[in-house]
Amino acid sequence: MLNINYPKIEKKEFPNLQLNLVEPIIKLNLRGKSREFFTKIGKILSIMLPTEANSSATIKNISALWLSPDEWMVYGRDIDKNLKLSLDSEISKLNLGSVTDVSDQWVLINLKGKNVFEVLSKGSPFDFNKFKNTNNVVVQTLLNHIDVILHHNDTNNVNLFVRKSFSEHLWLWINDSSSFL
Amino acid sequence: MFIITCPFCGERDQSEFSAGGEAHIVRPKQPTELSDDEWADFLFMRKNIKGVQFERWNHAHGCRKWFNVIRDTSNDKIHAVYKMGEKPPTK
């Protein structure tokens with residue numbers, strides 16, 4: 001049974017860095033290739049899935065992140081039950097692609113402040129030089145040997161997705177690293 | 001440690017990838033017609049040469065896609081990267 005009290009993450013502040021848990025929030029994994037799939041997603045979510053690598057699209061409170069050529073993650077506060085039901089009936093049931101609710105699989109942590117990339121660079125092999133100067137970019141990489149998805153949605157504002165079972169460990173690592181800034 | 005250019009995501013550190021062994025090994029069309037030796041040859045025997053080698057790699061901690069790499073195993077220099085299903089570059 002899912003432990004809804006896990007992970008225990010509280011808002012924290014460090015010099016030029018704020019860490020915050022952004023939960024609960026709906027996250028959907030979308031997979032598909034056909035033109036019809038793109039059209040249906042566009043109609044239902046009012047958002048065009050980004051086809052450019054490492055990019056994202058945001059409209060109102062819904063963001064679509066490019067994960068691979070045929071895979072996206074959509075998350076946001078405006079995704080409700082009706083929207084999910086329409087995606088299921090218009091895409092999954094018609095075999096145009098797959099829609100999987102991964103809200104409980106991934107935990108969203110927001111990192112904000114001038115020192116965001118200082119902390120991330122401490123434990124990631126990814127070169128953040130270009131990434132930090134561009135908004136609305138996405139990268140899937142490793143942080144402290146843990147798989148993460150990073151969405152740079154605004155200047156010095158990063159949404160970090162981590163698998164739930166790794167989230168508390170990564171949270172403690174981020175806290176520890178931030179305390180040495 | 002070296003940098004691999006994923007054909008989908010771009011330049012990434014080697015630690016994000018996993019190696020998948022030699023590339024372009026074709027599965028026999030009629031495995032039942034092969035002798036045990038021929039079948040074992042297909043399953044297990046790999047060149048493992050010192051020099052330029054055709055390999056499969058997977059961007060395990062990124063887009064999770066498979067692709068081919070031409071790599072010099074003696075110095076880790078990557079000569080080319082191309083997608084699955086594509087023919088290797090001639091030069």
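## Briefing: strands, sheet and interface

Strand S4 (residues 52–58) and strand S5 (residues 66–72) of chain B run antiparallel and are joined by 7 bridges. Here strands are DSSP runs of E with at least two residues, helices are DSSP runs of H or I with at least four residues, and both are numbered from the N terminus. Two strands count as paired if DSSP finds at least two bridges between them.

This is a predicted model, in which local features need pLDDT of at least 70 and side-chain atom pairs count only at pLDDT 80 or more, while totals for chains, interfaces and linings use all residues. Residues are numbered from 1 along each chain as its sequence is written, with chains lettered from A and ligands numbered from 1 in the order in which they are written.

**The sheet of chain B**

**Chain B as a whole**

- Chain B has 1 helix and 6 strands, and from the N terminus on its elements follow the pattern β-β-β-α-β-β-β.
- The C-alpha trace of chain B spans about 45 × 25 × 25 Å along its principal axes.
- Of the 91 residues in chain B, 15% are buried, meaning that 20 or more other C-beta atoms, placed from the backbone, lie within 10 Å of the residue's own.

**Strand pairs in chain A**

- Strand S3 (residues 26–32) and strand S6 (residues 71–76) of chain A run antiparallel, with 6 bridges between them.
- A:Leu28 is opposite A:Val74 in S6(A).
- S6(A) also pairs with strand S5 (residues 62–68) of chain A, in the antiparallel sense and over 6 bridges.
- There, A:Ile62 is opposite A:Gly76 in S6(A), and a hairpin through 2 residues links S5(A) to S6(A).

**Where the chains meet**

- In chain B, 11 residues are in contact with 10 residues of chain A (contact means C-beta atoms, placed from the backbone, within 7 Å).
- The side of chain B that touches chain A holds 3 nonpolar, 4 polar and 4 charged residues; Ala, Val, Leu, Ile, Met, Phe, Trp, Tyr, Cys and Pro count as nonpolar, Asp, Glu, Lys and Arg as charged, and the others, Gly among them, as polar.

Methods. Contact = placed C-beta atoms within 7 Å. Buried ≥ 20, exposed ≤ 12 C-beta atoms within 10 Å, placed from the backbone.
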